[in-house]
Amino acid sequence: MQIADYAIPEAQVARTAPGARVEVRNLSRRFDDNRVISDLNLTVRPGEFVSIVGKSGCGKSTLLRLISGLDQPSAGQITVDGQPAEQAGDRLRIMFQEPRLLPWASVSDNVAVGLRNGRDKAAVAQALRAVELSDRGSFWPAQLSGGQRQRVALARALVSHPGLLMFDEPLGALDALTRLTMQNLIQQMHQQAGFTAILVTHDVAEAVALSDRVIVLGQGRIIHEAQIVRVAPVGRGSPELAAIEAEILDAIFQG
Ligand SMILES: Nc1ncnc2c1ncn2[C@@H]1O[C@H](COP(=O)(O)OP(=O)(O)OP(=O)(O)O)[C@@H](O)[C@H]1O
């Protein structure tokens, strides 16, 4: 079965300001005597799609929380477009495994939460169109499927046209087919809107399908990097991508 069978029609997202540049320098994070991130360095170029994979508990979510400014390093610096993440404001958005919608607010009002003034109805309508939920604006979150709720969360993240969009296992709770549909949607949004993306995932195939670069984390450091250069369109399951997946899995298990 071809993945293209589930492709979503051309989405409509206004092209944003260029993607943000992320610089991580000599980053460490300890929890008491548990050193989770250890002198880590990473640069993510504007518009690049980087995935972070690694064994459970290796520090993927901790790294994402640090980059997003939700947690503070024990040592080192992180900048987003040259500024501390806390000052990035609506240039930076993060999506989690749970959509985290307000149950008492309509779909449109949930998307508007992503806007600074919350009143730009045209921007909300455009974000809902982009995720193919124009006809669900007046629904309550409880009236949506799990995949639709994640699409609302994506619209809320996109509505402010962020320069950096971070994903912490955003598709982990979805069934396989919805997961593939969402992967296509995220890929399409990334190509059209031009934001920088950092994805934490357990799914190496997902990382390879979506990313320009996959980083393997082990014992608080980057232990492997795979650059994925698509000179011609190669489909999922192609020998080229399967070989990269195998290389990444080896690195994870050896780490
Ligand atoms: N607030 C915290 N206090 C103490 N320890 C923490 C805290 N947050 C994370 N840790 C520890 O940091 C380590 C890495 O956790 P993290 O959630 O970053 O791993 P992960 O790679 O995302 O794991 P998984 O793939 O299972 O989601 C774990 O040992 C965890 O117990």
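Author: One term before that. Helices here are DSSP runs of H or I with at least four residues, strands are runs of E with at least two, and both are numbered from the N terminus. Also, this is a predicted model.

Reader: Fine. Which elements each supply at least two residues of the shell around the ligand?
Author: β2 and α1, the latter spanning 60–68.

Reader: And where does the largest share come from?
Author: From α1, with three residues.

Reader: Which residues surround the ligand?
Author: F31, N34 and V36 are among them.

Reader: How does the shell split by class?
Author: Seven polar, three nonpolar and one charged.

Reader: Switching to the strands. In which sense do β1 and β2 pair?
Author: Antiparallel, over seven bridges. β1 covers residues 22–31 and β2 covers residues 34–44.

Reader: What is the bridge partner of E23?
Author: T43, in β2.

Reader: How many residues sit between the strands of that hairpin?
Author: Two. D32 takes a positive phi there, near 50 degrees.

Reader: Now confidence. What does pLDDT average over the chain?
Author: 88, and 91% of the residues score at least 70. The model's ipTM is 0.97 and its pTM is 0.90.

Reader: Where does pLDDT stay under 50?
Author: Over residues 1–16. For that stretch the model has 35 contacts beyond four places in sequence.

Methods
Residues are numbered from 1 along each chain as its sequence is written. This is a predicted model: local features need pLDDT of at least 70, side-chain atom pairs count only at pLDDT 80 or more; totals for chains, interfaces and linings use all residues. Two strands pair if DSSP finds at least two bridges between them. pLDDT is the predictor's confidence in each residue, from 0 to 100. Two residues are in contact if their C-beta atoms, placed from the backbone, lie within 7 Å. A residue is near a molecule or strand if its C-beta atom, placed from the backbone, lies within 6 Å of it. Ala, Val, Leu, Ile, Met, Phe, Trp, Tyr, Cys and Pro count as nonpolar, Asp, Glu, Lys and Arg as charged, and the others, Gly among them, as polar.
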